[in-house]
Structures are given as structure tokens and as C-alpha cells.
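Let's take a walk through a protein model together. Have the sequence and the 3D view ready, and follow along one residue at a time.

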Amino acid sequence: RLKPRPGDFLYIVDDNRSYNEIGRYLDQWASYRADILPNLWIDSTLTIRYRLHPSPVSVQGQGPCEGRCGNKHDFRDVVRVLVPSGAIVQRTAGLERLSPPGRTRPARGSSGVARAYGLTQISGWFQMSPGQTRTVSITYRIPPNEFAFGDFKQYRLTILRQPGTRLKGMSVSIQGTNGVHISPPAGAFIGTRYHTWVGLDRDQELD
């Protein structure tokens, strides 16, 4: 069960479709930037980076498509990113579109955008071989009603942690643009940019 939270929202879900056990050989990093515009729209950019290290010969598994689309050392990931409802996706890179019902292989092209759990879901897939890296980048715009909970004066970002994730944390940057000023959670410094590292040992909330 997944419920939307007030304000900005981010949930990254990785789904290993490789029929193998190579998660321990995968490194994952992420960064998120939110530019707050004067009209209180938010320009968001999410970047996720993956690197697959070589796995031993003894690693268990079959490989993508049960071995038909690669060997047991390859990694195929279905990625779902959940963001606030009404978000307008402007660009995605690094993902292939999921296959329509009835197709055995994913179709090439842009990632899919749909409504799920009262949120906007951006989804797609990619595949890597040992030694390769992959960067997934998503840019989207969030409508100003995400500020309504705080009388349009408070920004809140909720980041959910996927159980068992390889993503240990992420870099978060909040930027005020064209006259928008922000103050960090401590309430001391007031400026136009706030940057922090958010650990994902649990769900996190940044006000």
C-alpha cells in the first residue's frame, strides 16, 4: 500500500528481472535537484547511476528472459519512479519503454508515464553487462499545488526507501530561482540554494 504525502515526493523502485543473484555486484547512486520557480512550479531533475561489477562464475541464476536475452552475469532492471500527481514529464534518458501486454520482449523507445497510487509513475527498463555503467535521467515539472499544505510558503520533500535497495542515499539540491529565497531546516541561513546528503537507511522527509 502506497499513499501520497503532502509536498514533493520521490520513490525509486528497482526490480531485478535478470533471474539471477548479482545484486551485491551492483553499485547505485542518485541525485535530485528541485528548482522552485516564482510561480511555485518546481522543475525537477532526477539522475540515477548504475555500475555492474563482474560476478564470479559460480553466481546463481539464468539471465534476462530466463537466459534468452543474456547470460547469468547480465543485469536487467525495470525502474519505476513515483513523483507527485500531475507532474509533467519533459525528458527521459537511459530507459527503454516497457512491453505492451502480450509481448515477450520490451519495445524500444521512450519510457512510460502513467497514474499509479494517486501519483505519477515514470517507468522503463535497461540491461547491462559486467563492467558497464548506465545513467538514467528524468526531468519533469511539478504544479504549485504541492505547496498548498504549507500555505504556499513551505517546501517538503518525502523520499521513500525501497526495502532491500542498493541505493544507500542520494544528493539533494533545492534551488530558489528568480527571487525565490529558501531557508534550510535549521532556519538559520536564508539564500537561494540548499544542498544535503540524504541517507536511505529509512524513509526521509526534508522541510
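**Charged pairs, strands and a disulfide**

Let's begin with Arg68, which forms a salt bridge with Glu66, their closest N and O atoms being 3.6 Å apart. A salt bridge here is a side-chain nitrogen of Lys or Arg within 4 Å of a carboxyl oxygen of Asp or Glu. Side chains of opposite charge can pair when their charged atoms come close. Arg68 is exposed, with a relative accessible area of 62%, while Glu66 counts as partly exposed at 45% relative accessibility. The cut-offs are these: buried means under 20% relative accessible area, exposed means over 50%, and partly exposed lies in between (1.4 Å probe, protein chains only).

Before going on, a word about what you are looking at. This is a predicted model, in which local features need pLDDT of at least 70 and side-chain atom pairs count only at pLDDT 80 or more, while totals for chains, interfaces and linings use all residues. Residues are numbered from 1 along each chain as its sequence is written, and side-chain values use heavy atoms, leaving out hydrogens and water.

How many salt bridges does a search of the whole structure find? The search finds six. Another of them joins Arg156 to Glu205, with the closest N and O atoms 3.7 Å apart. This pair links distant parts of the chain: Arg156 is in the loop between strand 8 and strand 9 (157-160), Glu205 is in strand 12 (residues 204-206), and 49 residues separate them. Strands, like helices, are DSSP runs numbered from the N terminus (E, at least two residues, for strands; H or I, at least four, for helices). Arg156 counts as buried at 18% relative accessibility, whereas Glu205, at 46%, counts as partly exposed. Asp207 joins in too, as Arg156, Glu205 and Asp207 are linked in a network of salt bridges.

Now turn to the strands. Strand 2 (residues 26-36) and strand 3 (residues 42-52) run antiparallel and are joined by eleven bridges; two strands pair if DSSP finds at least two bridges between them. Look for Ile36, which stands opposite Ile42 in strand 3. The hairpin of these two strands has five residues between the strands, and Leu40 takes a positive phi near 70° there.

Strand 3 has another antiparallel partner, strand 8 (residues 133-142), with ten bridges joining the two. Here Ser44 has Tyr140 of strand 8 as its bridge partner. A salt bridge also connects Asp43 and Arg141, whose closest N and O atoms are 2.5 Å apart. Asp43 lies in strand 3 and Arg141 in strand 8, 98 residues apart, so this pair also links distant parts of the chain. At 29% relative accessibility, Arg141 counts as partly exposed.

Where does the structure hold a disulfide, a pair of cysteine sulfur atoms within 2.5 Å? Cys65 is joined to Cys69 in this way, with an S to S distance of 2.1 Å, and a search of the whole structure finds one disulfide. The torsion about their S-S bond is about -90°, so the disulfide is left-handed. Cys65 and Cys69 are both buried.

Finally, visit Asp77 in strand 4 (residues 75-83). Asp77 is buried yet has no salt bridge, and the nearest side chain of opposite charge, Arg17, is 7.4 Å away. For this count, Lys and Arg are positive and Asp and Glu negative, with His and the chain ends not counted. What does the side chain of Asp77 reach? At 2.9 Å lies the backbone nitrogen of Asp15.

Key: A disulfide is a pair of cysteine sulfur atoms within 2.5 Å. A polar contact is a pair of N or O atoms within 3.5 Å; within protein, one must be able to donate a hydrogen and the other to accept it, and residues adjacent in sequence count only if both atoms are side-chain atoms.
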